[in-house]
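Work through the exercises below with the sequence and the model at hand. Each task is followed by a solution in steps.

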Protein chains: 2
Amino acid sequence: MPWFRNFIQLSATFSKQSPSSSPRRAAAAIFVTRSPSLTQLLRHFSTHPQEKYPGLGPTKGDEKPRVVVLGSGWAGCRLIKDIDTKIYDVVCVSPRNHMVFTPLLASTCVGTLEFRSVAEPIGRIQPAISREPGSYFFLANCTGVDFQNHQVHCQTVTEGVETLDPWNFKVAYDKLVIASGAQASTFGIKGANEHATFLREVHHAQEIRRKLLLNLMLSDVPGITDEEKRRLLHCVVVGGGPTGVEFSGELSDFIQKDVHQRYAHVKDYIHVTLVEANEILSSFDDRLRKYAIKQLTKSGVRLVRGIVKDVQAEKIILSDDTEIPYGVLVWSTGVGPSAFVNSLEIPKAPGGRIGIDEWQRVPSVQDVFAIGDCSGFLENTGRPVLPALAQVAERQGKYLAKLLNHLGKAGGGRADAAKELDFGSPFVYRHLGSMATIGRYKALVDLRQSKEGKGLSLAGFVSWFIWRSAYLTRVVSWRNRFYVAINWLTTFVFGRDISRI
Amino acid sequence: MPWFRNFIQLSATFSKQSPSSSPRRAAAAIFVTRSPSLTQLLRHFSTHPQEKYPGLGPTKGDEKPRVVVLGSGWAGCRLIKDIDTKIYDVVCVSPRNHMVFTPLLASTCVGTLEFRSVAEPIGRIQPAISREPGSYFFLANCTGVDFQNHQVHCQTVTEGVETLDPWNFKVAYDKLVIASGAQASTFGIKGANEHATFLREVHHAQEIRRKLLLNLMLSDVPGITDEEKRRLLHCVVVGGGPTGVEFSGELSDFIQKDVHQRYAHVKDYIHVTLVEANEILSSFDDRLRKYAIKQLTKSGVRLVRGIVKDVQAEKIILSDDTEIPYGVLVWSTGVGPSAFVNSLEIPKAPGGRIGIDEWQRVPSVQDVFAIGDCSGFLENTGRPVLPALAQVAERQGKYLAKLLNHLGKAGGGRADAAKELDFGSPFVYRHLGSMATIGRYKALVDLRQSKEGKGLSLAGFVSWFIWRSAYLTRVVSWRNRFYVAINWLTTFVFGRDISRI
């Protein structure tokens, strides 16, 4: 524990004498002269370059079997957390070194929560990955999988380092877990990728917050027309699922509480419009949906039913040719398979996901599993493809970690060693319900197992309290749980932070 | 107070019935159909564009006199905080909407503190600027001053908004306060501006943190040579003033506590080198300097005395042709006049700063004052140019606010109205002492008024405690004071956050 180490060091510091009371001890330290330090320095850099090693080869008898996990989302991180690192070495390959606590991401766009409160570094989720000699985190994208030779091909992410080109390397696996997620789908609508911001990563939330604050400030500068001011301060959200609705609710809270106080000059110019082709929150109980519509409308969110056909730099165009000018455009219309998943030549599930059986295995190849949004049950399993939800992904990660631990204990950890083993019970998904906040201390909680099922569903302040409590307990680390609570407290007491950094 | 407002709203929420107990009320809200909402929407955007207004004209008799402040650093923000907004309207023009608490900026580069804990939005420093009809914050650069016509020329900062070109506007002033600061000086050394990162703004600290974390991760990927790994993880700091030393201390703390735990695979490859042409911490007592050298060396910081003559993408070259490869290069060798200050055609103080008299006035023109790093006493005042320190700038801002409030009360607030008035006592600077942390719960505190003067000077843990307490009380807002304390606490308990976001 760092605090214990720090405490020891602090105690040691206390017991030492300060140099102010003993100047002679301090005087013993002299400035290092040029020659010796430079000699040291040159020696430090004189090591001959090692021969380039193309990656991690197959594990040997004296090493632990290696589980390679592609991705660091809900599914991959839950697996990494639960896997028994006494049995396996874990290698995680992902272009980001943290997991995003997605249900709270919308709150960070306006500063209700801070970005770091919803980002959980992999090393905190599974400390072995930073310390064990055979476990690694590689900041890289997986470019392909050689299923026959049990290895993945990767390329480093060197963004931001001007002196280093990305390079390729290979990692051999005993077990491969594909948990690379899905990507935001734009249904091929022209301009959506170029002009809209998605809401899936921390950098998306950062971009939205910076743009929103910039537009608020620019609208106050002399020389801008009223029309341009209205456009800059028009926040348009496309997609009426939980993410779109929660973001709209957060925005209207921000406007009513912080913009009215901190940007009083332009408060009458800012508006939120939510565009949805069908019903908003279609997975929720009818009664809850109607409540949400009423509350959002009351908060000043304009609900527009329409289909977007074109996205331009300053406006979106609906299928009936209505033009909606915008200053900030957030796109949240669900997800589809990523380019990486499309490139894999294995049988797919309906919708283009990686096809899996009831044990999360990719049946056509050995030792390969897929979990989370990138995976779906093959048609021959007779099961439906599960929705792209955090709770599905997390449950699959938990299940697969248990399965792999079981195989490892039974001696099936190595490549091709589990063929004859019993895989135990298949994965069964039981929906725990859905929740969504809608702003102004209100939320929806729908605990029915399906749209037709029976169960508790409620809306209002009590739901909001349940929503906050439930997510607070789900936050992975104690550090972030503490910060989420502190952020909520300071937002309540001091308002949201409007520094544009 | 936001918390009070929130409390009222929460109480109101409690007393209302939840729709789950009254479904009929909720059912009354129906989804807004397409036609009405779109009509509203179109009406919302149909306002005819106003004629372009080029800026704020001279204040009229029924308006308050206007103080225009250029800049949002220590000097400008202290003035904005203290100015009497019952007497004056305040317009602040700056390319950033917050003040940076610079003494704690080095701590944010490694995550000891978070970025937002050291950024104070102008609207929090002076709430009138967001609410009063005649007070504004303009996100813009000042491009020139028309002293004869009492107006400043500005250009908006539209960085990040693809649909908006920057535009020019003018602001007339009754009193002008130039507090635009200085810029990092590189002494014309080739490549320094391109390859080094300064440490003056929050985005600099963000860049350093991202680069450091990226390099730590890349060094762990297979296929990198030992030499390249050493280079990537070599942090070189040029400049041995308080900023350079504090940053080196923070870095070595980060390495000893967090890298050893979170990046155990590469912990033996990371090193810090501090390059200084003369003595480090030259303004401090000799005894303290020697103590700092001893402590830094103990923490693994290599101290190199040398003059940088060339900066390349992967290495710096000293005047004796020694090459020092680096992965992260931080440049902190003091400041010089900015391009804006150079462009002003008014008499300058030694060193190129805006020349001022004892009342912080620019004597050659009416109603113009300069404070902070951009200003210096004219030679004919017989006073030395003050050092570029936060405490100088803040004291000048405080002094000038008092002076302007005095003039305003005496009826001299308008342009050209203070010519005959008594300006009161001139500004007198009394140095309160210097402080610097050096890592490992150690700091230096030098309370002598000058290098030759007498007074308390001490180093060690007690100094570190004084350092932390002193800066905690200096943080401007209660919100940030709270967050600085919380950040220190969580760094102690959980370690520093290593998410690369």
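Of the 501 residues of chain A, 61% count as buried, where buried means under 20% relative accessible area with a 1.4 Å probe and protein chains only. The model is predicted, so local features need pLDDT of at least 70 and side-chain atom pairs pLDDT 80 or more, while totals for chains, interfaces and linings use all residues. Residues are numbered from 1 along each chain as its sequence is written, chains are lettered from A in the order in which they are written, and side-chain values use heavy atoms, without hydrogens or water.

**Exercise 1.** Determine where F198(A) lies and whether F198(A) is buried or exposed.

Solution. Step 1: locate F198(A) in the loop between α8 (192-195) and α9 (202-218) of chain A; helices here are DSSP runs of H or I with at least four residues, numbered from the N terminus. Step 2: read the relative accessibility of F198(A), which is 12%, so the residue counts as buried. Step 3: leave aside neighbours within four places in sequence; F198(A) is then in contact with A184(A), T186(A), N193(A), H204(A), I208(A) and W331(A), contact meaning heavy atoms within 4.5 Å.

**Exercise 2.** Describe how α15(B) packs against α16(B).

Solution. Step 1: helix α15 (residues 461-474) and helix α16 (residues 478-494) of chain B pack at an angle of about 150°, with axes 9 Å apart. The axes are lines fitted to C-alpha atoms over the stretch in contact, and angles run from 0 to 180 degrees between N-to-C directions. Step 2: this angle makes α15(B) roughly antiparallel to α16(B), a label for angles over 145 degrees. Step 3: α15(B) contributes W467(B), R468(B), L472(B) and T473(B) to the contact, and α16(B) contributes R481(B), V484(B), A485(B) and W488(B). Step 4: sorted by type, the contact residues give 5 nonpolar, 1 polar and 2 charged. Nonpolar covers Ala, Val, Leu, Ile, Met, Phe, Trp, Tyr, Cys and Pro; charged covers Asp, Glu, Lys and Arg; the others, Gly among them, are polar.

**Exercise 3.** How many residues of α4(B) are buried?

Solution. In helix α4 (residues 74-82) of chain B, 7 of the 9 residues are buried, among them W74(B), C77(B) and I80(B).

Methods
Helix = DSSP H or I, 4+ residues; strand = E, 2+ residues; numbered from the N terminus. Parallel < 35°, antiparallel > 145°, perpendicular 65-115°, else oblique. Buried < 20%, exposed > 50% of the residue type's maximum accessible area, 1.4 Å probe, protein only.
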